[in-house]
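User: I would like to go through this model with you, helix by helix. Could we settle the terms as we go?

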Amino acid sequence: MSKPETLREIYADELKDLWSANDQMSRLLGKIVSEASDGSLKEMLAKSQEGIAKHTDTLKELIAGQDETVAKEHCKGMEGLVAEATKHVLEEGPDKGPLLDVIIIAQYQRMTHYGIAGFGTAAAYARALGLDDDETRLKGATKEIHGGDEYMNKLAETGVNLQAKAA
C-alpha cells in the first residue's frame, strides 16, 4: 500500500485489510473447531466460518466497486491475534474439555472484536463517502459479527465457564 491521499483510498485499503483478517481467522477456526468439546461451541465455530465467507464475498464486491484490483492486503493486526490464539489453544492449551473451551471462546472474541471494529470503521468511511449501499452492507456485517460475539458471551456465561469452574 502506498501512502493514501484520499478517504476513498483509505476505505479501499480497509476493505482489503478486512479480507485478509477474515481469511486468517477462518483458517484458524478450521483448526480450532475440532478441539472444542461443547457441542454448541463447535456449532457456533462452524457457523462463524460460513459468516466469514459471506462477509469476505461482500468485501470482494465492495473492493471491485471501488475500481480497485480485487486483492487483499496482509493484515498484521489479525496476524497477531491468530498467533496468540494458536499459542493459547493449539500449542499450550489444556487437553480437550471445558478449560480449553473457555480459552477458545476468549480467543474467538478477541478476533471477533477486531472484526467489529474494522467493519464498523469501513461502514463509517462508506457513509462519509456517500456510499449508501456499501454502508448498509457493512453495517449488516457488523451487526452479524456482533451477534456472534453476544452468542459466545451467553454460551460462556450460562454453560462453558460454569463447567470450567467445576472441572
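Analyst: To begin with accessibility, buried means under 20% relative accessible area, exposed over 50%, and partly exposed in between, using a 1.4 Å probe and protein chains only. This is a predicted model, in which local features need pLDDT of at least 70, side-chain atom pairs count only at pLDDT 80 or more, and totals for chains, interfaces and linings use all residues. Residues are numbered from 1 along each chain as its sequence is written, and side-chain values use heavy atoms, with hydrogens and water left out.

User: Is D67 buried or exposed?

Analyst: D67 is exposed, because its relative accessible area is 74%. D67 is found in the loop between α2 and α3 (76-91); helices here are DSSP runs (H or I, at least four residues), numbered from the N terminus.

User: What is the phi of D67?

Analyst: The phi of D67 is positive, about 55°, although D67 is not a glycine. Most residues other than glycine have a negative phi. D67 follows α2.

User: And α2 itself, what should its 27 residues span?

Analyst: Helix α2 covers residues 39-65 and should span 39 Å at 1.5 Å a residue; its end C-alpha atoms are 40 Å apart, so the two agree. The expected span is 1.5 Å times one less than the number of residues.

User: What caps the N-terminal end of α2?

Analyst: D38 does, with a side-chain oxygen 3.0 Å from the backbone nitrogen of S40.

User: Changing topic, how much space lies in the largest pocket?

Analyst: The largest pocket holds about 380 Å³. On a 1 Å grid over the protein atoms alone, a pocket is an open set of points where a 1.4 Å probe fits, with protein on both sides within 12 Å along at least five of seven lines; lining residues have an atom within 4 Å of a point. The volume is the space filled by probe spheres set on the points, which are joined across faces, edges and corners.

User: Which residues are closest to its centre?

Analyst: Of the 22 lining residues, S48, H55, Y108, E144 and I145 are the closest to the centre of the largest pocket. Two or more lining residues come from each of α1, α2, α4 and α5, and α2 gives the largest share, seven residues.

User: What is the lining like by class?

Analyst: The lining of the largest pocket has 11 nonpolar, eight polar and three charged residues. Ala, Val, Leu, Ile, Met, Phe, Trp, Tyr, Cys and Pro count as nonpolar, Asp, Glu, Lys and Arg as charged, and the others, Gly among them, as polar.

User: On to α4, how far does it reach?

Analyst: Helix α4 has 31 residues and reaches 45 Å from its first C-alpha to its last, close to the 45 Å expected. G130 follows α4 and has a positive phi, near 75°.

User: What does Q109 touch?

Analyst: Q109, in helix α4, touches D149, M152 and N153, not counting residues up to four places away in sequence. Q109 is buried, because its relative accessible area is 12%.

User: How far is E150 from Q109?

Analyst: Their C-alpha atoms are separated by 9.3 Å, although E150 and Q109 are 41 residues apart along the chain. E150 is in helix α5 and counts as partly exposed at 40% relative accessibility.

Notes
A polar contact is a pair of N or O atoms within 3.5 Å; within protein, one must be able to donate a hydrogen and the other to accept it, and residues adjacent in sequence count only if both atoms are side-chain atoms. Contact means heavy atoms within 4.5 Å.
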